[in-house]
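Good morning, and thank you for making the time.

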Amino acid sequence: MRRELAYQVMEEVMVHNHHAHLELKRLDLDKEEDQAFISALVYTSLQNYLYLDYQIDPFLKKNTAIEIRLVLIMALAQKYFMNPIPDYALVNESVELIKKVHSKHVAGVVNAVLKKILSQGKRNLPSDPVKALSIETSMPEWIIRLLSSQYSISFARDYAHYCQQIKPNYVRINPFKHDEKLYDHLEENQGVYHAKSSLFQHQFLNDGYVLIQDINSQEVVKYLELEEGMRVLDCCCGPGTKTTQIAEGLNNTGEIIGVELHESRSNVTVELLKRWGVKNTKIVTQDVLTFQDNELFDAVLLDAPCSGLGVLSHKHDLRYHIKPEELDELQVIQKKMLNHLATQVKVGGILVYATCTLNKKENEKQIESFLKVHDNYEMLTSVTLDPMARQGDGFYIAQCRRTW
């Protein structure tokens, strides 16, 4: 039953482009060990998908049903990267699984292919270094080539390997609430907190005492230079993580307007703000490009839609969903948003543009283009937060001031 549920999640992710963490959350299993096993099998399969597909590829035709590939990939994920079970048991479980999710008529294919792979062992990687790195780290080749051209081959190599490591779940503590017992579920290193596994079995998350937020993501709001009483616009605000941080910076004074296109994310944001004890925020479900307010803002944050190439270390499904041709489309949207929001900032006010990508065309090049058009803005800060430097996500932050 557990492998069948894991398969269903994998199919939703790889066939229907759904997000793994949302599909896993929907399972809501009673037994923690079942949820833990299914999550581990799904994430391990996704994290190593290209490598595992490379192992089975010689034994399957190109038009082989995706169900067969997924079952074999899950089997090898368990064999190579998890606590292994005996080979005969792995084969039997995989054969039974394909009968349930596809057809008993292809059970022989799964049985034969899996036995061949287990007997022959792992394939050697190709001689081409980029192709080899792509397969070894399950990082699409186009991403490696993009990072190599914009940074260096060593950066691309380091990042690809970095994305295969397990990172801490960094947290941010709610200053509006306090319970000393919370710290029993956290680990601290030089003022930075991350979650122990016990936190996820406790109500502290649901009750708004703490939330999960990447260490580099926590840096973005600092560039708004918040002071009590300010009026702040938070664009693309869902799911509300940075919105709560803005409220903290204002000490629940002033006013925050959060704009979010998707109603589901607006609802999640509103719920988080309630749990966090935020009292100065209004969430508007609307396209940023059509949002207009009669009063200008002291600070505007555009947490822009982007390719997400900086968060691949924990969003393993994203690397397979994003396509290189989509990057140009995102840059057009980002440019339109920046141009629109440029009129919403007071003279002397701050506009912060942030992305969670490492693609310089969405980052430095985007802001360079913006400043050429808008000579009433000056650059204060432009920084790329290296994911490897602090074991976090890759973020870009540009801080601009309106001068007239």
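Strand E10 (residues 377-385) and strand E11 pair in the antiparallel sense over 8 bridges, where two strands count as paired if DSSP finds at least two bridges between them. Within this pairing, serine 382 stands opposite alanine 398 in E11. Helices (H or I, at least four residues) and strands (E, at least two) are DSSP runs, numbered from the N terminus.

What we see is a predicted model, in which local features need pLDDT of at least 70 and side-chain atom pairs count only at pLDDT 80 or more, while totals for chains, interfaces and linings use all residues. Residues are numbered from 1 along each chain as its sequence is written, and side-chain values use heavy atoms, with hydrogens and water left out.

Let me stay with E11. Strand E9 (residues 345-355) is also joined to E11, by 6 bridges, and the two run antiparallel. Here alanine 354 stands opposite isoleucine 397 in E11. Is strand E11 (residues 395-402) mostly covered or mostly open? E11 is mostly covered, as 7 of its 8 residues are buried; buried means under 20% relative accessible area, exposed over 50%, and partly exposed in between (1.4 Å probe, protein chains only).

I turn now to the aromatic residues. The structure holds 8 aromatic pairs. Rings of Phe, Tyr and Trp (its six-membered ring) pair if their centres lie within 6.5 Å; planes under 30 degrees apart count as stacked, over 60 as edge-to-face and the rest as tilted. One of the pairs is formed by tyrosine 183 and tyrosine 193: the ring centres are 5.8 Å apart and the planes stand at 65°, so the pair is edge-to-face. Tyrosine 183 lies in the loop between strand E1 (171-173) and strand E2 (186-189), and tyrosine 193 in strand E3 (residues 192-195), so the pair ties together parts that are 10 residues apart in sequence. Tyrosine 183 is partly exposed, with a relative accessible area of 28%, and tyrosine 193 is partly exposed at 26%.

Elsewhere, ring pairs link Tyr151, Phe155, Tyr159 and Tyr162 into a cluster. Tyrosine 162 also has lysine 167 over its face, at 4.3 Å from the ring centre. A charge sits over a ring if NZ of Lys or CZ of Arg is within 6 Å of the ring centre and within 35 degrees of the ring normal. Likewise, lysine 122 lies over the face of tyrosine 80, at 4.7 Å from the ring centre.

On a 1 Å grid over the protein atoms alone, a cavity is a set of points where a 1.4 Å probe fits but cannot get out, and a pocket is an open set with protein on both sides within 12 Å along at least five of seven lines; lining residues have an atom within 4 Å of a point. Grid points are joined across faces, edges and corners, and a volume is the space filled by probe spheres set on the points.

How many cavities of 30 Å³ or more are there? The count comes to 1. About 40 Å³ of space lies in the largest cavity, and its lining consists of Lys335, Leu338, Asn339, Gln366, Ser369, Phe370 and Val373. Helix H14 (326-341) and helix H15 (364-373) are the elements that give two or more residues to this lining.

The second largest pocket holds about 250 Å³ of space. Of the 14 residues that line this pocket, the closest to its centre are Arg172, Gln218, Glu219, Lys222 and Gln245.
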